[in-house]
Amino acid sequence: MHKNILLYKAMLQHFAGDPRRCQHLIKVASLAKEIAILEGADAKLIDLVEAAGFIHDCGIVAGEAKYGKGHCTGKIQEQEGPAIAQKVLSDLGYDAESIERICYLVGHHHTYTSIDGLDYQILVEADFLVNFYEDGLSKEAITHTVAKIFRTASGKELASRMFAL
C-alpha cells in the first residue's frame, strides 16, 4: 500500500473522534496535491506535499493535552508537531530526506515570513484555502491574505474561483 495512504489512515486514527480535524487534513492534503500537480511538480514533490498535508496539524493533540482544548495556537502546533511527525513517518518507512523536510514543514506551517521552497508555499496555500472556508473569513480578509501570502498561480486561481475574488 502507498505510504501516503498509510499516513492518511494513521492521521485519521490520531484525530479519531474529531471529524472537523479529520476532514481538515483530508482537504489540505487534497488541495496541496492538486496545486503541486497544477504547478508542474514532479512525483516526489507531489507525494511530499500530500504527506505534509495529512500530517501538518499532528501537534494539535499534544498541544491541547498540555494547554487545554481550544488553546493550541499555531506556534504550539509548530513546537509539538515535528517530534510526532518524525515518529509516525519513520514507523511508516518514509526515507530520511522526506522525513526531515516534512518535519520542517510541520514545524513551520504557521510561519509565513520564511517560506523557502515550492513545497512550503503549496502547504501554506492549501491550509489557507481550507481555513478561509472553515473559519468563515470575509471576502476582504481572503483577498488581503491571497495578495500577501499566495505565490503560486494555481493557488491564486483556486482562491479566486472558490471565493469569487
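**View 1. Ala164 counts as partly exposed, at 48% relative accessibility.** Here buried means under 20% relative accessible area, exposed over 50%, and partly exposed in between, with a 1.4 Å probe and protein chains only. Ala164 belongs to the segment after helix 9 (153–163); helices are DSSP runs (H or I, at least four residues) numbered from the N terminus. Its phi is near 50 degrees, a positive value in a residue other than glycine. Most residues other than glycine have a negative phi. The model is predicted: local features need pLDDT of at least 70 and side-chain atom pairs count only at pLDDT 80 or more, while totals for chains, interfaces and linings use all residues. Residues are numbered from 1 along each chain as its sequence is written, and side-chain values use heavy atoms, with hydrogens and water left out.

**View 2. Helix 9 has a buried side and a face turned away from it.** The buried residues in helix 9 are Ser154, Gly155, Leu158, Ala159 and Phe163. They lie on the same side of helix 9 because they cover an arc of only 135 degrees around the axis, the arc being that of the directions from the helix axis to the C-beta atoms. Among the elements that cover these buried residues are helix 2, helix 7 and helix 8 (139–149), where contact means heavy atoms within 4.5 Å. Exposed Ala153 and Arg161 are carried on the face turned away from the buried side.

**View 3. Helix 6 (residues 96–106) buries Ser98, Ile99, Ile102, Cys103, Leu105 and Val106.** These residues cover an arc of only 155 degrees around the axis, so they are on the same side of helix 6. An α-helix has 3.6 residues a turn, so residues three or four places apart point the same way. The cover over the buried residues of helix 6 includes helix 3 (43–55), helix 5 (74–91) and helix 7. Ala96, Glu97 and Glu100 are exposed, on the face of helix 6 turned away from its buried side. At the start of helix 6, the backbone nitrogen of Glu97 has a side-chain oxygen of Asp95 within 3.2 Å.

**View 4. Ser98 is a residue of helix 6.** It counts as buried because its relative accessibility is 9%. Not counting residues up to four places away in sequence, Ser98 touches Lys44 and Leu48.

**View 5. Leu118 is a residue of helix 7.** With a relative accessible area of 35%, Leu118 is partly exposed. Leu45 and Thr152 are in contact with Leu118, leaving aside its neighbours within four places in sequence. From C-alpha to C-alpha, Leu118 and Ala36 are 8.4 Å apart in space, and they are 82 residues apart in sequence.

**View 6. The largest pocket has a volume of about 300 Å³.** A pocket is an open set of points, on a 1 Å grid over the protein atoms alone, where a 1.4 Å probe fits, with protein on both sides within 12 Å along at least five of seven lines; lining residues have an atom within 4 Å of a point. The volume is the space filled by probe spheres set on the points. The largest pocket is lined by 17 residues, of which Arg20, Asp57, Ile60, Gln77 and Asn131 are the closest to its centre. Helix 2 (19–38), helix 4 (59–67) and helix 7 (118–134) are the elements that give two or more residues to this lining. By residue class, the lining has 6 nonpolar, 4 polar and 7 charged residues.

Methods
Ala, Val, Leu, Ile, Met, Phe, Trp, Tyr, Cys and Pro count as nonpolar, Asp, Glu, Lys and Arg as charged, and the others, Gly among them, as polar. A polar contact is a pair of N or O atoms within 3.5 Å; within protein, one must be able to donate a hydrogen and the other to accept it, and residues adjacent in sequence count only if both atoms are side-chain atoms.
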